[in-house]
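Here are my notes for your first reading of this model, arranged as numbered points. Please keep the structure open beside them and find each element as you go.

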Amino acid sequence: MPMREGIYGLIAEFDTPTELVQAAKAAYASGYRRMDCYTPYPLEEAAEAIGFDEPTEKGVARVCLIGGLIGGCAMFGLETWVSIWAYPLNIAGRPMFSWPAFIVPAYEWTILFAGLSAAFGMLALNRLPAPYHPVFNAPNFRDGATTDKFFLCLEAADPKFSVSESRAFLESFRPVSVVEVDH
Amino acid sequence: MATNDVSPQDPVTNPGKNRMIDPKTGELRVLAPGQTFRSVTEKIARIVLTSHTPLGWLFGLVMAGGLVAMMLTAVMWLFLKGTGIWAITMPVAWGFAIVNFVWWIGIGHAGTLISAILLLFKQGWRNSINRFAEAMTLFAVVCAGMFPIIHTGRPWLAIYWLFPYPNTMNVWPQFRSPLMWDVFAVSTYATISVVFWYVGLIPDLGTMRDQAKSKFAKYIYGQMSLGWRGSARHWMRYESASLLLAGLATPLVLSVHTVISFDFAVAVLPGWHTTIFPPYFVAGAIYSGFAMVLTLAIPIRKFYGLEDIITMRHLDNMAKVMLATGLIVAYGYGMEVVMAWYSASHWEYFMFWNRMFGPMGWAYWVLITCNIVTPLTTLWSRRLRQNVTYLFLIALVVNTGMWFERFVIVVTSLYRDFLPSSWGTYRATKWDYMTYVGTLGLFTFLFFLFIRLLPMIPMSEIRMMLPQAKVKHEAELQTEAGD
């Protein structure tokens, strides 16, 4: 892979969720778009502050719905095909198309496929698994982001980004530290 | 809540207890006060990441391993000799295998209830116990799933035809049979439980990766965490996936024991052919499951000093859930008797009389004592609900009672059928007992491995519950500055 030029971005470390959300809101308001917050637990306000709204996006929900429908229809179709055409069994003259009995496996497969789609859909939309990511290069990231620190990363890909100005901007929120993140 | 009137303890003589009561509401706290993000993380991660393996843990693992060896012996003998080594014969053709299957699956249900249904109801207290309750579900399903497979005696000859695939014989399964429904219900339940559990683990595996000191642990947890980095966008999708999985697991868990009860209810046998079975099986499953969660949680919190995270509030709440589901189960037992009388069916009536007062009536009365009389008269008492030793004992009693419930349903409905000439009895063999006790060992063995290798309490969810996790709004910040 060719080496990318420059840095990935600047990452500011905060002690509390409140400081992080304030900084993220201000960054969004002053025109930054390519940025992300890193928190040790789900923090809805942080996602809102950087302009990401999952309930509106509904990505995972959509994948889950489609998966569920496919699973349910596939099983019901299989049962119908098996019972009527592939291997008809006449048991005490009961109808071949005994749909009430077919509902149980179709119901289970709806849940199976919907659940698998939700889980794998979430991973795919998040671009996970991703064993490597530039933010891991920040020396203070590893011990903080998954434990007790709150990070805001302004990415260099943002048109508004400039190392000196963005650094001054982040430092105005009095973070614990601001460090450059290498690719 | 009934803890309102807990008498204010003298903080000098009893600081521990007083600390756990919220002065604002007078209720028991869900988490002990004064904990930080780092302190809870370290407390939970340390149990796994320490290089010191407690002797007690090793002892437990070896004991459980011994039982697993016994189970493997019994299963190997079964495969060599066939199901003739078990006590099943006419008229009791369903014996320990189905009893244990239903019992284990039922135990699993509490894990899903805690992780899914209580999440939908926003019951924050579930966070401390959901991870290991879910692990309990998985291991219970492993034990349960074993029985239908081994009860065929020759699993390699007798399981594949349950799956619908184009085989060389051109034979397809019969989808109108509850046995087929079972295959799909249980396999879906196992798969979704694994997925839900693993999705819940991902952020914590990220924490483990970052907390680990050894290179090997860093690598393994790093791979398992899939590169989780706690991005705000990821968290939001993660939360919606968790919520969807919870929403899907809820109808699933209710359907699984319902489908299992169909195995009985669809048959036209007195004692089985009854419409109350689905709801009463589900309630019984949750009842026994919560008993098993208590059986595991009480020794673990003591052994690992987790009383600040798995608090009295949790134990008290679980005891209340047991009380509620126990009452539903009691209603089920009552209704069975009423229907046997009200149906005016001679066979129903006789079956019930025989179940209560026949040669195996003792099993019925053990079940009534363990499931109804002991727990449902005492769990009303707050003092007893908050007595850890008593709760542990009552959990063991309920586990026993629920096993007897399955035994009574299976055996006493079968052993004296319509023709007195075909009456028989049932007496389990040593192989039956070895297999059953062996699965208890397998369950414990897997559980011991789990608490040593993975964080048994979801760290990210505990952090979320700490008071400092909330974002303060402008107004709050201003009042603070004013102070």
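1. Bear in mind from the start that this is a predicted model. In chain A, the centres of domain 1 and domain 2, taken over C-alpha atoms, are separated by 44 Å. Domain 1 of chain A is made of two stretches, 7-56 and 130-182, while domain 2 covers 59-125.

2. Turn next to chain B, where helix α2 runs over residues 37-49 and so has 13 residues. From its first C-alpha to its last, α2 of chain B reaches 17 Å, which is close to the 18 Å expected at 1.5 Å a residue.

3. Which residues of α2(B) are buried? They are F37(B), V40(B), T41(B), I44(B), A45(B), I47(B) and V48(B). When you look at such a list, remember that an α-helix has 3.6 residues a turn, so residues three or four places apart point the same way.

4. The cover over these buried residues of α2(B) includes one element of chain A, the strand β3 (150-155), together with α7 (178-211), α8 (215-224), α16 (430-453) and α17 (459-465) of chain B.

5. Elsewhere in the description of chain B there is a nonpolar surface patch of about 970 Å², whose members include W341(B), Y342(B), W353(B) and W365(B). Helices α11 (312-342) and α12 (346-357) of chain B each supply at least two residues of this patch, and α11(B) gives the most, with four residues.

Note on methods
Residues are numbered from 1 along each chain as its sequence is written. Chains are lettered from A and ligands numbered from 1 in the order in which they are written. This is a predicted model: local features need pLDDT of at least 70, side-chain atom pairs count only at pLDDT 80 or more; totals for chains, interfaces and linings use all residues. Side-chain values use heavy atoms; hydrogens and water are left out. Domain bounds come from an automatic or database domain assignment. The expected span of a helix is 1.5 Å times one less than its number of residues. Buried means under 20% relative accessible area, exposed over 50%, partly exposed in between (1.4 Å probe, protein chains only). Contact means heavy atoms within 4.5 Å. Patches are made of residues with over 30% relative accessible area and no salt bridge: like charges are joined within 9 Å, nonpolar side chains (Val, Leu, Ile, Met, Phe, Trp, Tyr) within 5 Å. Accessible areas come from the Shrake-Rupley method with a 1.4 Å probe; for residues, only the protein chains shown count as cover. A salt bridge is a side-chain nitrogen of Lys or Arg within 4 Å of a carboxyl oxygen of Asp or Glu.
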